[in-house]
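Trainee: I am new to this structure and would like a close look at one part of it. Could you start from a single residue and show me what surrounds it?

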Amino acid sequence: GRSRIGLKDVMAALPADSGLVAFVRFNQIELGEERLPGKPPRGRPSYLAIVVRGGGDLTPVSLGPAEAVDGPVSRWRDEVAQEALAPGRASGRMEACYRIVATELRQKVWDPVAPYLKGLKRVLLVPDGSLHLVNFAALPVGQTSYLVETGPVIHYLSAERDLVSTAADN
């Protein structure tokens with residue numbers, strides 16, 4: 001039954017005070033791109049965020065080429081690992097370095113979707129690609145805060161249809 005759940009079902013299940021952000025890593029194919037006969041077009045790895053507000057507004061947001069997202073994710077993970085290797089040492093300096101790298105990541109993946117989430121209490125995230133590795137709540141906001149402190153509350157889903165309950169779930 002879960003395989004028959006579609007976009008309309010997901011949108012109907014989304015509470016009015018909530019939003020859904022589904023990240024998608026895909027191969028973007030340019031119109032008119034030359035391709036070899038019998039071979040599918042290769043495309044350029046890219047990211048897209050599909051933002052849905054409770055009540056029905058759906059907005060696609062291009063995040064650009066995959067390397068522009070995957071690079072900051074990798075740098076963010078490296079910075080997080082540094083703290084694990086040297087816990088407590090020069091914590092002020094380590095946090096400053098973390099905030100620089102994490103701000104770059106936030107600007108690439110959160111800031112483009114944030115305007116569509118204004119006023120919502122809760123955001124449900126469905127990550128894809130390297131974004132599975134990101135703790136969005138730990139991304140910095142301003143000089144001293146983090147998303148976990150400023151809201152909205154962030155929850156993770158493994159798939160959009162997880163939002164919809166079915167008779168089999170009960």
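What relative accessible area does arginine 44 have?

Mentor: Arginine 44 has a relative accessible area of 44%, so it is partly exposed; buried means under 20% relative accessible area, exposed over 50%, and partly exposed in between, using a 1.4 Å probe and protein chains only. Before we go on, note that this is a predicted model, in which local features need pLDDT of at least 70, side-chain atom pairs count only at pLDDT 80 or more, and totals for chains, interfaces and linings use all residues. Residues are numbered from 1 along each chain as its sequence is written, and side-chain values use heavy atoms, with hydrogens and water left out.

Now to the partner of arginine 44. It forms a salt bridge with glutamate 67, whose closest N and O atoms are 2.6 Å apart. This pair links distant parts of the chain, since glutamate 67 is in helix 2 and arginine 44 in strand 2 (residues 44–53), 23 residues apart. A salt bridge here is a side-chain nitrogen of Lys or Arg within 4 Å of a carboxyl oxygen of Asp or Glu. Helices (H or I, at least four residues) and strands (E, at least two) are DSSP runs, numbered from the N terminus. Glutamate 67 is partly exposed as well, with a relative accessible area of 49%.

By this rule the model has five salt bridges. Another one joins the side chains of arginine 25 and aspartate 70, at 3.0 Å from N to O. Here arginine 25 lies in strand 1 and aspartate 70 in helix 2 (residues 66–85), 45 residues apart in the chain. Arginine 25 is partly exposed, at 37% relative accessibility. Aspartate 17 and arginine 122 also meet in a salt bridge, at 3.1 Å from N to O. Aspartate 17 sits in the loop between helix 1 (7–13) and strand 1 (18–28), while arginine 122 is in strand 4 (residues 122–126), 105 residues apart.

Let us follow strand 2 into its sheet. Strands of a sheet pair through backbone hydrogen bonds, either parallel or antiparallel. Two strands count as paired if DSSP finds at least two bridges between them. Strand 2 pairs with strand 1 in the antiparallel sense over 10 bridges. Two partners from strand 2 are alanine 49, which is bridged to phenylalanine 23, and serine 46, which is bridged to phenylalanine 26. Strand 2 is also joined to strand 3 (residues 58–65) by seven bridges, and these two run antiparallel. Across that pairing, isoleucine 50 stands opposite proline 60 in strand 3. Strands 2 and 3 form a hairpin with four residues between them, and glycine 55 in the turn has a positive phi of about 105°.

Stepping back, five strands form an open sheet in the order 3-2-1-4-7, with mixed pairing. Strand 3 and strand 7 (153–156) stand at the edges, each with a single partner strand, so one side of each has no neighbour in the sheet. Neighbouring strands of this sheet are turned by 25° against each other on average, direction ignored. Such angles come from axes, which are lines fitted to C-alpha atoms (for helices over the stretch in contact), and run from 0 to 180 degrees between N-to-C directions.
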